[in-house]
Amino acid sequence: MPRINDVGGVDGFGPVEQELDEPGFHADWEAHVFAMNRALIGRGLYNLDEFRDAVERTMSHESSYYENWFRAIQTLLREKGHV
Amino acid sequence: MSDDHDDSPIAARVRELEAILEEKGLLDAAELDRALEAFAHKASPANGFRVVARAWVDDDFKAKLLENANEALPAVGLSMGGGLQVQRLHVVENTENVHNVVVCTLCSCYPIALLGPSPTWYKSTAYRSKVVSHPREVLEQFGLELPAGTEIRVWDANAESRYMVLPRRPEGTEHLSEDELARRVTRNGLIGTAAV
């Protein structure tokens, strides 16, 4: 059973929707999630592979990209007993 | 970047987690601010635009870029460093007969140092699933119609390897300076979903 992230060649996800002149981040909190993740990985609280794994196993197609990142960060910090 | 959504519940939850981590000594507010500041100013598609413009005017740079992009970048003051791990950058050149397009089917691998944060569509399941099986159809959704004889090459990025497209220099731009040429390049052009 492929994980939800392994979508190459899979049909049924609809057309690609493009936002004109999309900015790198849509809101300040997204940039904070990005920077927070780098800092936490940099400090060794978890590593990049653990983060990718956490995103994949906790992701929801209902959530935005950085919402999924934030959920993964929270999950890892909880699992490792940091929060 | 804007502060428009800072009253949203998720923004509040992010602030709350930051505060908890700072209190526990796991995150340093100044360190975070420095990272945000550096990122906001350094990682932008303008970097990729400069690389392309230089390649268009300097054949030696272009040859080196296509052969070993990581070694070519310092000549324009850039590098693939600054991330969490060293990434090999591959620059793939569009020609009269070949058009390149980049995807990360598994997640969202992208040369952030050169292109800034990736657009939402690049990370969408719709794009990631379809561009590998029906690239021509996907490019048409972006308004890019290629001649029937053009070969389309799809490059799947991963944790170690990132890709950037070198678009074809538009015709009639011989008189433009390098800076003017850089302004002709688009983010989608560097991913391959636009011609330039």
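1. From the N terminus on, the elements of chain A follow the order α-α-α, and chain A has three helices and zero strands, where helices (H or I, at least four residues) and strands (E, at least two) are DSSP runs numbered from the N terminus. This is a predicted model, in which local features need pLDDT of at least 70 and side-chain atom pairs count only at pLDDT 80 or more. Residues are numbered from 1 along each chain as its sequence is written, and chains are lettered from A.

2. The C-alpha trace of chain A spans about 40 × 35 × 20 Å along its principal axes. Of its 83 residues, 46% count as buried, that is, under 20% relative accessible area with a 1.4 Å probe and protein chains only.

3. Helix α3 (residues 65–79) of chain A and helix α1 (residues 9–23) of chain B have axes that come within 12 Å and cross at roughly 30 degrees. Because angles under 35 degrees count as roughly parallel, α3(A) is roughly parallel to α1(B).

4. In the contact between these two helices (heavy atoms within 4.5 Å), A:E67, A:F70, A:I73, A:Q74 and A:L77 of α3(A) meet B:I10, B:R13, B:V14, B:L17 and B:L21 of α1(B). By class, this contact has seven nonpolar, one polar and two charged residues.

5. For chain B, the domain assignment gives domain 1 (9–41) and domain 2 (43–191), with bounds that come from an automatic or database assignment. The C-alpha centres of domain 1 and domain 2 of chain B lie 31 Å apart.

Methods:
Heavy atoms only, no water. Axes fitted to C-alpha atoms, helices over the stretch in contact; angles between N-to-C directions. Parallel < 35°, antiparallel > 145°, perpendicular 65-115°, else oblique. Nonpolar A, V, L, I, M, F, W, Y, C, P; charged D, E, K, R; others polar. Buried < 20%, exposed > 50% of the residue type's maximum accessible area, 1.4 Å probe, protein only.
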